[in-house]
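Please look over the sequence and the three-dimensional structure shown here before reading on.

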Amino acid sequence: MVETDRPDDGRSIMVADSDVLVRHAIADYLRHCGYPVVEAASFEEAIEVAEAAEFNTWLVLCDAQLRGGGNGFALRARLAELRPEVTVILAGNFDAAAKAAGELCEDGPHVARPYDSSVVIDRIRRARAARQRDQGG
Amino acid sequence: MPGADSIMGKNGSVVSCAVAGADAASLPVLLVEDEIFIRIANAEWLRDAGYAVIEAANAQEALDVLASGGRVALVATDITMPGQVDGLGLAASVRSTHPGLPVVLLSAHVPDDIAPYADAALRKPYSPYELTAVVASLIGEAGAKVAEQAG
């Protein structure tokens, strides 16, 4: 269960994932739930955002296999130094990320969820399968 | 139109596109930009105007989106990006694999002849108005309204 204290001041959630198909599906879902969302495609991008003066993220939903100069665990450790007030949720795979997003959505700014997080998982599975077929994998 | 001198079509003016219409207008804009703060700002401008946006951090991510079967209304791409494929390579690929899909180049250094790559180009720095105007011109004024209603 994701335990968070959601702020009501418009601060954002950062979705850090190096697979665009996963990142977009999760971020889009959270936006539909009413959250402002920032997307980071790598460890470096997440740190660049975190180091910015205008940083206003309260929660980071991060893929454990994030690519770049560090993975999700390294990002969590760096954020603990840079922004100790930020909650970091590490997801081991996209199912876990979508489920975490679903729990966030339950407590989100919008009363009703746009759709169940299982829909997000299905969308990611289908998109990734199509990409694999297209790329001959 | 304010700032119109930085918006170019094949013949030096903003162009309309064959896919413009309600169908294309309800689809997301595929925004490709490796500088995260520029990407965030551009995406926010487009979302504020009512468009859905898919954010890609490089050309390979954009190709992944297109390979996944995701339909988009338009590709708006930076030119200079790290990786095996830059923005011009991406634009040329889109021209080949998705004929009719509008492409807009977003760069400080736009080629003199954009016709092999794109329908329009914006020279950096550009304003939110210029970006949303060129997108609207290519996928139809109805786009923002349809996406806003859907969103």
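## The largest cavity

The largest cavity is lined by A:Val15, A:Ala16, A:Asp17, A:Val22, A:Ile26, A:Leu61, A:Cys62, A:Asp63, A:Ala91 and A:Ala97. A cavity here is a set of points, on a 1 Å grid over the protein atoms alone, where a 1.4 Å probe fits but cannot get out, and a lining residue has an atom within 4 Å of such a point. Strand S1 (12–16), H1 and strand S3 (57–63) of chain A are the elements that give two or more residues to this lining, and S3(A) gives the most, with three residues. The lining has eight nonpolar, no polar and two charged residues, where Ala, Val, Leu, Ile, Met, Phe, Trp, Tyr, Cys and Pro count as nonpolar, Asp, Glu, Lys and Arg as charged, and the others, Gly among them, as polar.

The space in the largest cavity is about 40 Å³, and the structure holds one cavity of 30 Å³ or more.

## Basis of the model

This is a predicted model, in which local features need pLDDT of at least 70 and side-chain atom pairs count only at pLDDT 80 or more, while totals for chains, interfaces and linings use all residues. Residues are numbered from 1 along each chain as its sequence is written, chains are lettered from A and ligands numbered from 1 in the order in which they are written, and side-chain values use heavy atoms, with hydrogens and water left out.

## Helices H1 and H4 of chain A

Helix H1 (residues 20–32) of chain A packs with helix H4 (residues 94–106) of chain A at an angle of about 10°, their axes being 10 Å apart. H1(A) and H4(A) are therefore roughly parallel to each other, a term used for angles under 35 degrees. On the H1(A) side, A:Val22, A:Ile26, A:Tyr29 and A:Leu30 meet residues of H4(A) that include A:Phe94, A:Ala97 and A:Ala101, where contact means heavy atoms within 4.5 Å. The residues of this contact divide into 10 nonpolar, one polar and no charged.

## Helices H2 and H3 of chain A

Helix H2 (residues 43–51) and helix H3 (residues 72–82) of chain A pack at an angle of about 10°, with axes 11 Å apart, and are therefore also roughly parallel to each other. Among the residues that make the contact are A:Phe43 and A:Ile47 of H2(A) and A:Leu75 and A:Leu79 of H3(A). By class, this contact has eight nonpolar, no polar and two charged residues.

In H2(A), the residues A:Phe43, A:Glu45, A:Ala46, A:Ile47, A:Val49 and A:Ala50 are buried, that is, under 20% relative accessible area with a 1.4 Å probe, counting protein chains only. The cover over the buried residues of H2(A) includes S1, strand S2 (37–40) and H3 of chain A, together with helix H2 (36–48) of chain B.

Methods:
Axes are lines fitted to C-alpha atoms, for helices over the stretch in contact, and angles run from 0 to 180 degrees between N-to-C directions. Helices (H or I, at least four residues) and strands (E, at least two) are DSSP runs, numbered from the N terminus. Angles under 35 degrees count as roughly parallel, over 145 as roughly antiparallel, 65 to 115 as roughly perpendicular and the rest as oblique. On a 1 Å grid over the protein atoms alone, a cavity is a set of points where a 1.4 Å probe fits but cannot get out, and a pocket is an open set with protein on both sides within 12 Å along at least five of seven lines; lining residues have an atom within 4 Å of a point. Grid points are joined across faces, edges and corners, and a volume is the space filled by probe spheres set on the points. Buried means under 20% relative accessible area, exposed over 50%, partly exposed in between (1.4 Å probe, protein chains only).
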